[in-house]
Amino acid sequence: MKGPFLTLNVRMGPFMTKNALSDIGSGGGQRNADGAARTEKPVISAPVCNFDRWCAVMDIVRTSSRNIAIGCVAAVLLALPAAASAGSANASALGTDLDSLLANPELAGGQAGLVVRNADTGATLYSRLGDNLMVPASNMKLVTSATALDLLGADYTFDTLVRSTGTLSNGTLNGDLYLKGYGDPSTTLADYQAMAAQVKQAGITSVTGHLIADDSYYDSVRLGPGWAWDDEPYWYSAQVSALTVSPDANSTSGSVNVTVAPGAQGQPAVVTMTPPNTYLTVNNTATTGTSTGLSVNRVHGTNTITVSGSIAAGAAPSTEQMSVDNPTGFVASLFGKALSDAGVSVAGTTAFQKMPSGTTAVASHTSAPISQLLTPLFKQSDNLVAETLTKAAGVQRFASGSFVAGVNALTSKLAALGIDYNKYNQFDGSGLSRMDIVSPAEIAQLLINAQSRPWFQTWYNALPVAGNTNPAIGGTLANRMVGTAAANNVHAKTGSETGVSALSGYVTAADGEKLVFSLLSNNFVPGSVKDVEDAVAVRLAQYNGANDTSHAPKFAPRSQTAGKATDPRASLECSWTHSC
């Protein structure tokens, strides 16, 4: 596989289609000689907006195509029964058991909406608060990825270019060197070092002008609407930029790994960063002692990392991933060092501006396609991949790399995937915003309609697999439902924030029936209700159709949560806290 992410061979699952992935759309990373997007790529001028105030800001002319599009889509949507009309389904043995599970005291005072449908016929097996709008947390990634795949295509890639102005004579570039990013969320230091080597191979050993970084492919808004300020230091809330870098192939872009290791007894702890850099500074007061209790933070609005507490002598190093303030500047610093290490000197300073037309190609890097980026998006719940897809969608459809344009571009693909945009609202791509709302019924319909897409099998395989203890396959479900009927059966996307939890996906019942389900829970007091979600998924795996009988629902003791949530980070996705 091309790019820094690992290729995974996952066994054929119950939702395998007969044909392999058929990529759709044109490759998003293809450019003209000057680095601009090719004009022959489809750009549709009329948006379908789910919040008019944002469309007004975009100054986009509305046309009658919205009504035409809605009418056309309505004519071709699958003729499936509505999820909300469960009828007497809830009076079944399955319904009785699910009602019992959702009556758990952990959910007292909150709300939990659950929809269960046959994946083939669309028939509703169970619906409870199915049409209620709820905060979906990372279940929003299901919507973002599906609409982005429909809009951009599974083979869409992200480019990073190095280009020059001026003339080259005897190894000296009499001009400037530009580094332009197109949003690749997977670039690593090794990729920038490879591009620096390409510069040297192009015959350039010195630059009389400046090193200029260009991140103008996306706008300058780094954080999504409604993101919490106190999440900013952490990697799951890293800033979005068209020019960014990941610490390694398994980490989120726009961040660094901060590793704390013990020194000699009574001496300061040893702190290192990956990638190594001088862009961030470390204020280290941590010591080497007899026990470990560390705190790693980034001072708000700065690139100062603070490390305090103690680490036991002889203990294994501890790594915390922290976001970087202004990832574009960070990349420029790393690339400047890479050029120097490659034997290319730059006489001028590092600047930040848009690359002009008429430049000369020097070096480039192309990401893996979206089809391969789905793995970190789902299994690691990588927020930055989701936000990159969102802004890329905005560029593709509206020539604007903003959250506003991106969300409206994705919204235009909702109806064909079964989501009524009048019963839904989206402000970012990852679900980190608490202003995002959607119902379990809409997500269930999306899961059904996605099965007809040429990209479905890759999308399905990228979902976390319950009870598979290999993190590369199990992802955020690796440690859940182990040894149950749901293990290596449930393929589902998790979602977690304080007071918000979600699990939506696919399961094959005991009678071989393929089911889709969406469970969204909001406004509960405990730190987690994952035990409720797990019990629901296990019960669905036990469902036996016409021969189904009531099971005594059981909760996994290891997952039960007592009392109020006191640590906000304890309610996050386990991949965000490196606990799975």
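The model is predicted, so to speak of a local feature requires pLDDT of at least 70 and side-chain atom pairs count only at pLDDT 80 or more, while totals for chains, interfaces and linings use all residues. Numbering starts from 1 along each chain as its sequence is written, and side-chain values use heavy atoms, with hydrogens and water left out.

**The sheet**

- Five strands make an open sheet in the order E17-E8-E6-E3-E18, and their pairing is mixed. Here helices (H or I, at least four residues) and strands (E, at least two) are DSSP runs, numbered from the N terminus, and two strands pair if DSSP finds at least two bridges between them.
- Which strands stand at the edges? They are E17 (350-352) and E18 (360-366), each with a single partner strand, so one side of each has no neighbour in the sheet.
- From one strand to the next, the twist averages 20 degrees; axes are lines fitted to C-alpha atoms, for helices over the stretch in contact, and angles run from 0 to 180 degrees between N-to-C directions.
- Strands E3 (residues 159-164) and E6 (residues 177-181) pair in the antiparallel sense over five bridges. Ser 164 has Leu 177 in E6 as its bridge partner.

**Helices on the sheet**

- Helix H5 (residues 189-201) packs on the sheet and touches E3, E6 and E18, where contact means heavy atoms within 4.5 Å. The direction of H5 makes about 155 degrees with that of E18.
- Helix H6 (residues 327-341) lies across E3, E6, E8 (211-214) and E17, and runs at about 145 degrees to E8.

**Aromatic side chains**

- The whole structure holds 13 aromatic pairs. Rings of Phe, Tyr and Trp (its six-membered ring) pair if their centres lie within 6.5 Å; planes under 30 degrees apart count as stacked, over 60 as edge-to-face and the rest as tilted.
- Tyr 156 and Phe 158 are an edge-to-face pair, 5.1 Å centre to centre with 70 degrees between the planes. Tyr 156 is buried at 1% relative accessibility, and Phe 158 is buried with a relative accessible area of 1% (buried means under 20% relative accessible area, exposed over 50%, partly exposed in between; 1.4 Å probe, protein chains only).
- Tyr 234 and Tyr 236 are stacked because their ring centres are 5.8 Å apart and their planes stand at 10 degrees. Tyr 234 is buried at 13% relative accessibility, and Tyr 236 is buried at 1%.
- One aromatic cluster is formed by Phe 378, Trp 455, Phe 456, Trp 459, Tyr 460 and Tyr 506.

**A charge over a ring**

- Lys 180 places its charged end over the ring of Tyr 182, 5.2 Å from the ring centre. The criterion is NZ of Lys or CZ of Arg within 6 Å of the ring centre and within 35 degrees of the ring normal.
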